[in-house]
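The structure is shown first.

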Number of protein chains: 2
Amino acid sequence: MESRHAGAFAVLDAGGGVVLSAGEIDRPVFPRSAVKVIQALPLVESGAADRFGLEAESLALACASHGGEPRHVAVAERTLRAAGRDAGCLECGSHWPSHAEATRALAATGGQPSAPHNNCSGKHAGFVCLACGLDADPRGYVQPEHLVQREVKAALEVVTGYVLPQGSHGIDGCSIPTYAIPLRALALGFARIGTGHGLPPARAAAAHRLRQAVAAHPFLVAGTGRFDTAVMEALGERVFVKVGAEGVFCAALPELGMGIALKCGDGATRAAEVAIAALLRRLLPRDEAAERVLEPLENPVLRNWNGIEVGSLRPAEALVTAA
Amino acid sequence: MESRHAGAFAVLDAGGGVVLSAGEIDRPVFPRSAVKVIQALPLVESGAADRFGLEAESLALACASHGGEPRHVAVAERTLRAAGRDAGCLECGSHWPSHAEATRALAATGGQPSAPHNNCSGKHAGFVCLACGLDADPRGYVQPEHLVQREVKAALEVVTGYVLPQGSHGIDGCSIPTYAIPLRALALGFARIGTGHGLPPARAAAAHRLRQAVAAHPFLVAGTGRFDTAVMEALGERVFVKVGAEGVFCAALPELGMGIALKCGDGATRAAEVAIAALLRRLLPRDEAAERVLEPLENPVLRNWNGIEVGSLRPAEALVTAA
């Protein structure tokens, strides 16, 4: 055993009952990008998405932490054009694509990264559309007091049932506020996102539409070789799963009426991926499609630069036994 | 507090006395690349380095986990040429440079990564020279039963005073065997590397020559923007410090006669860097050069894609208070 990770998780039903848990689930954690589907609800619910004729691809990208591959960039730009805007409106900052091949391809053409390459550009394009749809000036939409972020904060509070403390937030990698929320409340929120129970009808419909959009375009929510894309390509609407920075995952299992939230305490994505794969595998019926995608994600084999198997990752006991 | 890391460390003098420690220091851990300076001892001690006229740059690169920047690649190739060999002899495998700009520059010229770009290519070029210097066929030098790896294993045992269990090893990223060794023994080994105490004269001289080579060429041991390079550029021969994969650091403080070994339990390099910076800062005299390089490495500020300060890393209490 070379290295070891520890964390906490909560699986709840939409009535607030705890199905499974381990560790501290009432301490607030920053969910980071794991709640993008909740942050995208106002875009749909406000009517902005319909007003600008946004397609499912734009909605899927609004829920994404994407790799900056060409199709991700194209959809972000198309989303902005639908509202009569362009990349100059994005306030997320620029970075080289997280997808290594996309970065090398961009460098090979002498290109430089721009805001649409930012892994959050779809969410931000959605924020710009939301502002325009509400007839507000999109400028400054990343600030907590802007109408867009007030709408987003309200959606987080209503869906998770957790009252966010006034004036207490972090700043996320893409410059919007990020609010700490307990895993228990996040899991409840995702049980509601998956079922609609406990949500007003328009919000439940918006959640369903976003889940359908991601299930129809799982490539857009992450990208080539990525965990969320692989799971939703295989399992479609049976699972909605979303990674967040610093070892967070949130997921909805609509058929089972459950929501999941987990945090690896040290922030490691590799451990969070094994953990969410183990929980999904434990909870879902073990049919062939689920086994084929989840078993290798729960037990990844590590190979070195010569392709030699040098180790593996394994789920912690609590993921398999906790009640 | 968003994420939290835990680990163990040992600071020993060359007589085996524990100066400071925290956590489990008698459980074997894989030191990975942190022991490259020990793995390079046979190259010098055997006379192979002198036989092929290797310069200080080749010796520094033999101790390196480098970023694959052009100068690293050039020195690796020059080292091989000195022994009449070329990159075809390297058995480390290829990967794109870990230095992001070097990767983009390589991609921009339509290039592909080769073995000299591998972060371990300097160590492997040294292994090839060692084999040739011993008049052995370098082929298969990564295998535990090859003369090269038997020499390397013997050096690890003698320097750390820890008898490596027969037939029990892992395979490192670059395909050579990696042996688990307790932090206590690693810290003792680095106290010896820094002082020569407890080593045969030829081995003590080889250790000194390797430390001098790295101090003269700190860029070669890591590269642009890297921790080890920054510390040794600032502090020269006062500190020898080397990172290993999965949250390991080993260091020698020759003036103080101390060696340090630490492991972040979850394998995180970001935490291991803060921890070793905290220990170096605590142990070294707080002059201006030490403060200027170590204070920001002990307390790094995190900025997002817009350059906004969004958080910081902080050393754990035990690093400041443990006795």
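A salt bridge is a side-chain nitrogen of Lys or Arg within 4 Å of a carboxyl oxygen of Asp or Glu. By that rule, four salt bridges cross the interface of chain B and chain A. In one salt bridge, the side chains of E246(B) and R270(A) meet at 2.7 Å, N to O.

This is a predicted model, in which local features need pLDDT of at least 70 and side-chain atom pairs count only at pLDDT 80 or more, while totals for chains, interfaces and linings use all residues. Residues are numbered from 1 along each chain as its sequence is written, chains are lettered from A in the order in which they are written, and side-chain values use heavy atoms, without hydrogens and water.

## Extent of the interface

In chain B, 35 residues are in contact (heavy atoms within 4.5 Å) with 35 residues of chain A. The area buried between the two chains (accessible area, 1.4 Å probe, lost on being put together and summed over both) is about 2,700 Å², and carbon and sulfur atoms give 47% of that. E2(B), R104(B) and W305(B) supply 25% of the area that chain B buries against chain A, more than any other three residues.

## A helix pair in chain B

Helix α8 (residues 147-160) and helix α9 (residues 183-195) of chain B have axes, lines fitted to C-alpha atoms over the stretch in contact, that come within 7 Å and cross at roughly 90 degrees. Therefore α8(B) is roughly perpendicular (65 to 115 degrees) to α9(B). From α8(B), the contact is made by V158(B), V159(B) and T160(B). Residues of α9(B) in the contact include L186(B) and R192(B).

Key:
Axes fitted to C-alpha atoms, helices over the stretch in contact; angles between N-to-C directions. Helix = DSSP H or I, 4+ residues; strand = E, 2+ residues; numbered from the N terminus. Parallel < 35°, antiparallel > 145°, perpendicular 65-115°, else oblique.
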